Amino acid sequence: MRELKMLISFFTIIPINVDNFDLEKLANKFYLIVIIGYISGFLGYLFYFIFSFLSIYLLSTLILFFLEYFNRFQHFDGLLDVGDALMACKSREEKIKILKDSKIGVGAIALSSFYFFITIFSLSYILKIQPLYILVVEVLSRLSLLSTAVFGTPFKEGMAKYFVKKANEKHLTLGLILALPTIFILNNHRIVALLIIISVLLGFFIAKLAKKEFGGVNGDVLGFSNEISRMLLYLAIVIIYSIHTDIQI
């Protein structure tokens, strides 16, 4: 499928040549972003399998670095930009200027540090339980990104406006259908089903936050959604297993 090739080329380091790259046509099939999560998650799990002899904290750090690298650090860049803008106690117009500024401020450093700390330590815990959650969370973080686009208001400028403008309830439904197989990857079907619900709700709340703070959703906000959702989904898994110690793997 040509749109899937465009998505892989646009959102990953996989070298795929696509003639006549068309963002509007790509936006019509934006729900396929969930499949990028399957690719990223599978490769992340494969990375774990190959380097499982490493210490758990080093392995978790390397897995996270690999996932960010695989996605060209695009989503992480969004985390930094939104972090700076959210930390600024200024007007909406000034926050938008900060969002577009390439400089890294205190907000970006603080939020990214928090992101790395929570994600790496949560992943270290999860790898001892069930490393296949790497695949599940990568898929659902993309579902959250899609949810942010569906519930968000597009910026007037930027490439992401095509994705946000075209994304609708049909896209979210198709994205959910694509994400449903994750329920059967693990024995804990109810936990994964709960994570799916959480991922959609996270996208909804991030879209509303972006509307309030910036007036809409752009590419940085979509990237921020992916990163924050990954972190919070990992954290949710840790909390669930910490509370219910009798859960069968």
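**Exercise 1. Find which residues G203 is in contact with, leaving aside its neighbours within four places in sequence.**

Solution. Start with the rule: contact means heavy atoms within 4.5 Å. Leaving aside the neighbours within four places in sequence, G203 is in contact with S144, S147 and T148. Then look at L145, which is 58 residues apart from G203 in sequence and 6.1 Å apart in space, C-alpha to C-alpha. Finally, G203 counts as buried because its relative accessibility is 0% (buried means under 20% relative accessible area, exposed over 50%, partly exposed in between, with a 1.4 Å probe and protein chains only).

A word on the model before going on: it is predicted, so local features need pLDDT of at least 70 and side-chain atom pairs count only at pLDDT 80 or more, while totals for chains, interfaces and linings use all residues. Residues are numbered from 1 along each chain as its sequence is written, and side-chain values use heavy atoms, with hydrogens and water left out.

**Exercise 2. Work out how the axes of α6 and α11 cross, and which residues make the contact.**

Solution. Take the axes first: those of helix α6 (residues 92–100) and α11 come within 8 Å and cross at roughly 115°. Axes are lines fitted to C-alpha atoms, for helices over the stretch in contact, and angles run from 0 to 180 degrees between N-to-C directions. That angle makes α6 roughly perpendicular to α11 (under 35 degrees is roughly parallel, over 145 roughly antiparallel, 65 to 115 roughly perpendicular and the rest oblique). Now the residues: α6 brings R92, K95, I96 and L99, and α11 brings K211, K212, E213 and F214. By class, this contact has three nonpolar, no polar and five charged residues. Here Ala, Val, Leu, Ile, Met, Phe, Trp, Tyr, Cys and Pro count as nonpolar, Asp, Glu, Lys and Arg as charged, and the others, Gly among them, as polar.

**Exercise 3. Describe the largest cavity: which residues line it, and which helix gives the most?**

Solution. On a 1 Å grid over the protein atoms alone, a cavity is a set of points where a 1.4 Å probe fits but cannot get out, and lining residues have an atom within 4 Å of a point. The structure holds one cavity of 30 Å³ or more, and about 30 Å³ of space lies in the largest cavity. Volume here is the space filled by probe spheres set on the points, which are joined across faces, edges and corners. The lining is made by V82, I206, L209, A210, F214, V221 and F224. Helix α11 gives the most, with four residues, and both α11 and α12 (219–243) supply at least two each. By class, you will find seven nonpolar, no polar and no charged residues.

Methods. On a 1 Å grid over the protein atoms alone, a cavity is a set of points where a 1.4 Å probe fits but cannot get out, and a pocket is an open set with protein on both sides within 12 Å along at least five of seven lines; lining residues have an atom within 4 Å of a point.
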